[in-house]
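Dear colleague,

I am passing on the structure below, and I would be glad if you could look it over before reading my notes.

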Amino acid sequence: MATSSPPLGCTNFKLRQLTRRVSQHYDHHLALAGLKTTQYSLLNHIAKLGPLTPGELARRMTLDASTLTRNLQPLVAAGWVVVGEGVNARSRLLTLTESGRELRQTAQRHWKNAQLELNGLLGPAMVAELHGLLDQALAAFDPETSDE
């Protein structure tokens, strides 16, 4: 895949174009569980890392606080995530509820179908190469946040 010619076009545009298509693909599958990819990602992070503070979740997901708050609201309103008391009066901890864990489990099956279908569409070798390139690019921007 190495080339000696300089890249053509806008890298940002190409990446956004690809991420929109991939997001649409995953959203289509996760809609069967009543979720969007952003919501599924939040449920996964809270399940794996929680209970944790909103600030820590935002840092680990590389999100700003307002985006995190906006994306968490429907999950809290649906009863899938609880914002509970933290270590002091000013802190809060995010935790999945039992229904949140059940929804995540259901959504995981749909996510896996999306993943397998994407692997079939692109081929496992291309997906593996793409993952490697993305990991390298993320590490170039911030070595501490890559591979999370």
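Predicted model: local features only at pLDDT ≥ 70, side-chain atom pairs only at ≥ 80, totals over all residues.

Residues are numbered from 1 along each chain as its sequence is written, and side-chain values use heavy atoms, with hydrogens and water left out.

The protein has 6 helices and 2 strands, where helices (H or I, at least four residues) and strands (E, at least two) are DSSP runs numbered from the N terminus. In order from the N terminus, the elements run α-α-α-α-β-β-α-α. The C-alpha atoms fill a box of roughly 60 × 35 × 20 Å, taken along the principal axes. Of the 148 residues, 25% are buried, buried being under 20% relative accessible area, exposed over 50% and partly exposed in between, with a 1.4 Å probe and protein chains only. Among contacts (heavy atoms within 4.5 Å) with a separation of 6 or more, 52% join residues 24 or more positions apart.

Turning to the helix contacts, the axes of α2 (residues 37-49) and α4 (residues 65-77) come within 10 Å and cross at roughly 90°, which makes α2 roughly perpendicular to α4. Here axes are lines fitted to C-alpha atoms, for helices over the stretch in contact, and angles run from 0 to 180 degrees between N-to-C directions; under 35 degrees counts as roughly parallel, over 145 as roughly antiparallel, 65 to 115 as roughly perpendicular and the rest as oblique. Gln39, Leu42, Leu43 and Ile46 of α2 meet Leu68, Asn71, Leu72, Pro74 and Leu75 of α4, a contact with 7 nonpolar, 2 polar and no charged residues. For these classes, Ala, Val, Leu, Ile, Met, Phe, Trp, Tyr, Cys and Pro count as nonpolar, Asp, Glu, Lys and Arg as charged, and the others, Gly among them, as polar.

Helices α5 and α6 (residues 124-141) pack at an angle of about 105°, their axes 6 Å apart, and are therefore roughly perpendicular to each other. Leu118, Asn119 and Leu122 of α5 touch Pro124, Met126 and Val127 of α6, giving 5 nonpolar, 1 polar and no charged residues.

His110 also lies in α5 and is buried, with a relative accessible area of 18%. Leaving aside residues up to four places away in sequence, His110 touches His29, Leu30, Leu32 and Ala33. His110 and Asp27 are 83 residues apart in sequence and 9.7 Å apart in space, C-alpha to C-alpha.

Finally, the second largest pocket holds about 160 Å³ of space. Its lining consists of Leu18, Arg21, Val22, Gln24, His25, Leu118, Leu121 and Leu122. On a 1 Å grid over the protein atoms alone, a pocket is an open set of points where a 1.4 Å probe fits, with protein on both sides within 12 Å along at least five of seven lines, and lining residues have an atom within 4 Å of a point. Grid points are joined across faces, edges and corners, and the volume is the space filled by probe spheres set on the points. Both α1 (11-30) and α5 (98-122) supply at least two lining residues, and α1 gives the most, with 5. By class, the lining has 5 nonpolar, 2 polar and 1 charged residues.

With best regards
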